[in-house]
Amino acid sequence: MIVDLHEIEGFARPFEFSISSEELDFDDPRFRLADDIKVSGEISRSSAQVDVRGSISGAAEIDCTRCLRPIPSTLAIDFSVSFVSAEHFASNKEHEVSVEDLDTDV
C-alpha cells in the first residue's frame with residue numbers, strides 16, 4: 001500500500017485491503033494461511049510524525065505438536081507504529097529511549 005502523505009495532513013485516513021495467502025511466504029511449514037488476510041486501520045499525520053494503527057485478521061492452520069494434524073486458528077493482530085523523518089529524529093549518539101520510542105521508525 002502506497003500513501004501520499006500530503007493527502008492526510010490534518011485528519012485521519014482509514015484504510016482497508018486484503019492480501020491473498022499466495023502473496024505471503026512463511027518460513028515455518030507447520031503454519032499455513034487458510035484464506036486471505038484482511039488489514040484495516042487508519043493513518044494520521046502531524047507535522048513531524050505519521051501514525052499507523054490497525055489490525056490484521058485472517059484464518060490459518062497450525063499443525064498440532066502432539067498429533068501433527070492441522071488445527072484451525074484465527075489470526076487477530078493489532079498494531080500501532082509511528083514514523084518520523086530523519087530530520088525530526090534525534091541524531092545524538094546517546095539518547096534515552098522510552099517504551100513509546102520502540103514503536104517509532106525513521
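These legends go with several close-up views of the predicted model.

The model is predicted, so local features need pLDDT of at least 70 and side-chain atom pairs count only at pLDDT 80 or more, while totals for chains, interfaces and linings use all residues. Residues are numbered from 1 along each chain as its sequence is written, and side-chain values use heavy atoms, with hydrogens and water left out.

**View 1. Arg32, Glu61 and Asp63 form one salt-bridge network.** A salt bridge here is a side-chain nitrogen of Lys or Arg within 4 Å of a carboxyl oxygen of Asp or Glu. Aspartate 63 and arginine 32 pair up at 2.7 Å, N to O. Aspartate 63 sits in strand β4 and arginine 32 in strand β2, so this pair ties together parts 31 residues apart in sequence. (Strands are DSSP runs of E, at least two residues, and helices are runs of H or I, at least four, numbered from the N terminus.) Arginine 32 also bridges to glutamate 61, with the closest N and O atoms 3.6 Å apart. As for cover, aspartate 63 is buried at 19% relative accessibility, whereas glutamate 61 is partly exposed at 32% and arginine 32 is partly exposed at 29%. (Buried means under 20% relative accessible area, exposed over 50%, partly exposed in between, with a 1.4 Å probe and protein chains only.)

**View 2. Arginine 30 meets aspartate 28 in a salt bridge.** The N to O distance is 2.9 Å. Both ends are partly exposed: arginine 30 comes in at 46% relative accessibility and aspartate 28 at 29%. The total count in the model is three salt bridges.

**View 3. Four acidic residues gather on the surface.** Glu22, Glu23, Asp35 and Asp36 make up a patch of negative charge. Patch members have over 30% relative accessible area and no salt bridge; like charges are joined within 9 Å, and nonpolar side chains (Val, Leu, Ile, Met, Phe, Trp, Tyr) within 5 Å. Asp and Glu count as negative, Lys and Arg as positive, and His and the chain ends are not counted. Aspartate 35 lies in the loop between β2 (31-33) and β3 (37-45), and is partly exposed at 42%.

**View 4. Valine 52 is a buried residue in strand β4 (residues 49-63).** Its relative accessible area is 14%. Leaving out residues up to four places away in sequence, valine 52 touches Phe15, Glu42, Ile43, Phe79, Ser80, Val81 and Phe83, where contact means heavy atoms within 4.5 Å. The C-alpha atoms of valine 52 and phenylalanine 79 are 8.0 Å apart, with 27 residues separating the two along the chain.

Notes. Areas by Shrake-Rupley, 256 points an atom, 1.4 Å probe, with all protein chains shown as cover. Charge placed at Lys NZ, Arg CZ, Asp CG, Glu CD.
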